[in-house]
Amino acid sequence: MMKITVNDKILEVSGELTLLEELRNAGYDVPSLCYANKARHQASCMVCMVRNVANDQMLPSCSTYPTEGMHIDTESDDVRNMRRMSLELLLSDHRADCEAPCVVVCPAKIDVARLILYYDRGQMDKAKSVLREAVASEQLPCQDCKASCEKACRRGTVDTRVSVREIIAEVAKHKDSTDNVAPVSTKSTHTFSSKLGRYSEAEKEWLKEVYNQPSRCLHCACEGKDKCKLREYASQTGIKSLRYGVSSRQVVKEQQHVCGRLYFEPAKCVRCGLCVYNSQDGFTFQHRGFDMQVIIPEESKSHASEHLAELCPTGALFLREE
Amino acid sequence: MKDMNGCNCDCASNGLEAMVRRTDAIIDRTGTTRDKLIPLLQAIQQEFNYLPSDALNRLYERTEIDRSQLISVSTFYSQFRLVPYGKHIIKVCIGTACHVKGANTVYDAFKRELGLGDDSITTADQQYSIERVACLGCCALAPVVQIDNKIFGHVQPGRVRDVLDEFESLTASQASEEAKEQSHEVQGEVRLGMENCCQASGTAEVHAAVVQACSDLGIHIRIKPISCVGACNQVPLIDVATPDGNIVRYPNIKPDEVKEILLHHFRPASRLRRLRNAILNHIDTFHTDQTWDNILFTPEKERTQSINTFLDGQHRISTEGFGHLNPLDIDEYISLGGFEALRKALTAMNRQQIIDEVLKSGLRGRGGGGFPTGRKWQMVSQASGTAKYVICNGDEGDPGAFMDRILLESYPLRVIEGMIIAGYAVGATEGIFYIRAEYPQAVIRIRKALDMCRQKQLLGQNILGTDFSFNIRVFEGAGAFVCGEETALIASIEGKRGFPHLRPPYPAQSGLFGKPTLINNVETLSQISYIVRHGADEYAKVGTEGSRGTKVFALAGKVNHGGLIEVPMGTTLRQIVEKIGGGVEGGEALKAVQTGGPSGGCIPAELCDAEVDFDALNKMGAIMGSGGLVVLSESSCMVDVARYFLNFTCEESCGKCTFCRVGIRRMLDILDRLSTGQAKMEDIDRLEELALSIKRSALCGLGKTAPNPVLSTLRYFRHEYEEHVQGICRTGSCKQMVKFQITDDCVGCTKCARSCPSEAIAYTPYEKHVIDASRCTQCGLCIDECDYHAIKKVKK
């Protein structure tokens, strides 16, 4: 056993565990993205950092082992600001919408994004149940609405907006079913919501080509938002707007099927490498520096497994709802 | 009989079979384990000029290497190419010295000349591919361009056609030489400094003169390009090697002297020629001094004038034997006291005594950090385990630095000796030279030197008859600056991406393959033999209190006499620039000296009287680094310099941690805005905040020191940043903020119009010329050409 000082308190630690594990065991709340319990990992995100009081350097607690007499600071404004900065930097390279704008603005609180998702898949029963969640009566609120959903529609920045109200009306005509009911929509309590920003001309062309389902919806809502730690911490930290803007080399809205229900959207990846270190000949890094990406070659997709979605700290790896 | 008749065969499948066969041969001789990935890829690329997918598929089939590892590694290192390149590769050096002398316009000029669009790098006829490279280590000749293995110094944007022509004629003459070699017995060799520093403007003419003279005289000799020994300002320079093994060196040679020199050494074919030879031989006696050895700087006075001031104030430990030692003559090295230290260490000292001696000497690591070498040795020596490694870090990646290259090329035996002593002292069994991909000559020389040592029983089993056995192998880096960081370097040898990991554990405890590993820089090891031979006290007499001994610097940038220098610690920067370097080029005022490359900082002229040692430089916000000194004059823009280094570290960042991967990118965004006049005042504060945060939070040394160039320029030249916000770049370096304008001083001589490579100036004799801003690429050729100083850079 050895003694370390955490803020002003003495903590007895074994020396076997990392600082992060020791701190969490002792009840300290330390955020982390690139660390997952019992999984192979390497320090990358720096969200878990603590200050080494001796030399004023920041240490990633997930990979630092305590040493006798060590004095660390886990909660000063300095540490909070640095953690905040690392989140802001990650978010500046994160081109994604947490929520679909149509849902955010809908005065009737219809989960339009999921409704259209089922609509595009031809699962009209489920689409109808999503509508029922918000609208109990047969009378649709859309008729008198100023259609803020359509005004906010992302597709409108590509070419023309999705005719959201027409789709809702079509879904409304479908008869109710009790067999194929969609799970109840979860409402996020997070104050932070990532915004995608603008598309380049090339991206617009690409999006037009790829997103050509009946609705033409871009399905911009994040499918992994419920488990996203990046959003959780950003909300906790009180980040509202991004000081460093958003610019990324990642292709926006490019979703790849990996295996089973597992999907991968690189634009949301924070390059923590958890999926790389925890799959054998599966996910891998490509290039370096700011251009570094996580990819999975076609031939390696069979080596991945669905549990990687749990490890992924963002919505980059997610399980698609059946 | 398909195989016999080339044309009728199924070419595609035959090609595949051949490729598989050739790949198999590479696998057989290299190995199949995961740590062999980098050597395997290097061999495949050497064989096929790129990494063909069929060859890679063969790797998956026959080795432990899987797709994930291969993609990860092959895309990490800049050396590897997944698409075929042209026949010849043009590498435009964008190292610091080249940058401040306009390397980017040279790059643009080549692209224009070869008709390459923005996105293409290979010509349609597959003859040339072009790329930028971090640093070719020939900083004294900036701007430098390398085409295949030929280096061209002082390349001007308007002369790129000449460079290409010269290259093509050299290639042609080389082909005919090879043909000649086959038909005649070779009498000897003329070696020209064509490889690195020695190749300056003029060497090609000397080369042509040698070819011509050989043909005129009927002499059959091999004309071999070699690297220089560090006297970068004494070129062109040739070595003449006769069949009896003697070598004579002629510095500052002119093309018309070549014939006489050749006649002096070789028998012409005919009797008449022999008679002429006899006469000229007599004359030649006065031409060169007669030491049958490497002579340098001793002949004619005019050749040595500037050398004397260059040599003043230097002190040689690492570069002992400068100018006369033959890099690969082991007997000569031994006769000058070489390997005495090794003998003394192995026979008269025990391990701890050696470590104590190194500790007492006060030697600090020359790779940049300045960690006491003796303490590192002690740590490795005390680490448990029988298998230990010693790695010589020769991954000199700093743009603007070439000390390690020259030490490896010119004093390979001294570095090896230091490494064997280190191996003995810490109890290691194997040593590895990690040498940068861009230094092929260093790799060749070290390999040869290692062979020689093995033959002399200085390496291998039972060295010098003692019970100490030690082997050394060479590992070639694959092009990643971050691999100079010791944990990343280890990952690279293990066949992984060059990702650094958090220390502790230090390599001294758990390094290569998890074993205790000593990693020392080339220069550090080159000082060991002196310390052991002469004793720590003698060594410690040189230098300052906190920094003992000497330091080798690569002096480059806007200085008259660039080159490799070795000075005692404590020499002032001003002494180096003014006395050794002969002052700032073009008589301009000294503005700052950049030390330590991308991890270092800019020291303003007013602080250049401070003594140079580890601690003094740190205090000034710079670092010693590996020893690149780039002189900046009043015409250098400090924002541009900072942006240049950030751009470098951004490209070289490994990408592992957030602060380095994204943070540096965001700093660069701000610097981009500053250099295009789009920044706001608060951007400067934001830049500083980011810089300070990255310095504290990045995972490894590369990231932690990357903001230094910005922080030091902000500290000493903040006003320049503020001026850039206002849209002013006084030096005109930030192209988007200035335009070229012809003033009323123009007499209409048309010189500028004729020199302009992009036809931006109309040919209007006797009228004031006008520059078409839409065509002007701001290469600066017109300014150089104009005799009336009538072209100015003005604010846009």
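Modeller: The account below begins with the chain and then turns to the sheet. The model is a predicted one. Chain B comprises 796 residues, of which 54% count as buried, and its secondary structure amounts to 30 helices and 19 strands. Among the contacts of chain B between residues at least 6 apart in sequence, 73% join residues at least 24 apart. The chain is divided into six parts: domain 1 (18-74), domain 2 (88-163), domain 3 (184-302), domain 4 (330-540), domain 5 (550-607 + 629-725) and domain 6 (735-795). Between domain 1 and domain 6 of chain B, the C-alpha centres are 53 Å apart.

The sheet of interest in chain B is open and consists of five strands, ordered 14-13-17-15-16, with mixed pairing. Strand 14 (563-568) and strand 16 (601-604) of chain B are the edge strands; each has a single partner strand, so one side of each lacks a neighbour in the sheet. On average, neighbouring strands of this sheet are turned by 30 degrees against each other, with direction ignored.

In general, the strands of a sheet pair through backbone hydrogen bonds, in either a parallel or an antiparallel manner. Here, strand 13 (residues 550-557) and strand 17 (residues 628-633) of chain B pair in the parallel sense, over four bridges. Within this part of the sheet, B:Leu555 stands opposite B:Leu629, a residue of strand 17 of chain B.

Notes: Residues numbered from 1 in each chain as written. Chains lettered and ligands numbered in written order. Predicted model: local features only at pLDDT ≥ 70, side-chain atom pairs only at ≥ 80, totals over all residues. Helix = DSSP H or I, 4+ residues; strand = E, 2+ residues; numbered from the N terminus. Buried ≥ 20, exposed ≤ 12 C-beta atoms within 10 Å, placed from the backbone. Contact = placed C-beta atoms within 7 Å. Domains from an automatic or database assignment. Pairing = 2+ DSSP bridges. Axes fitted to C-alpha atoms, helices over the stretch in contact; angles between N-to-C directions.
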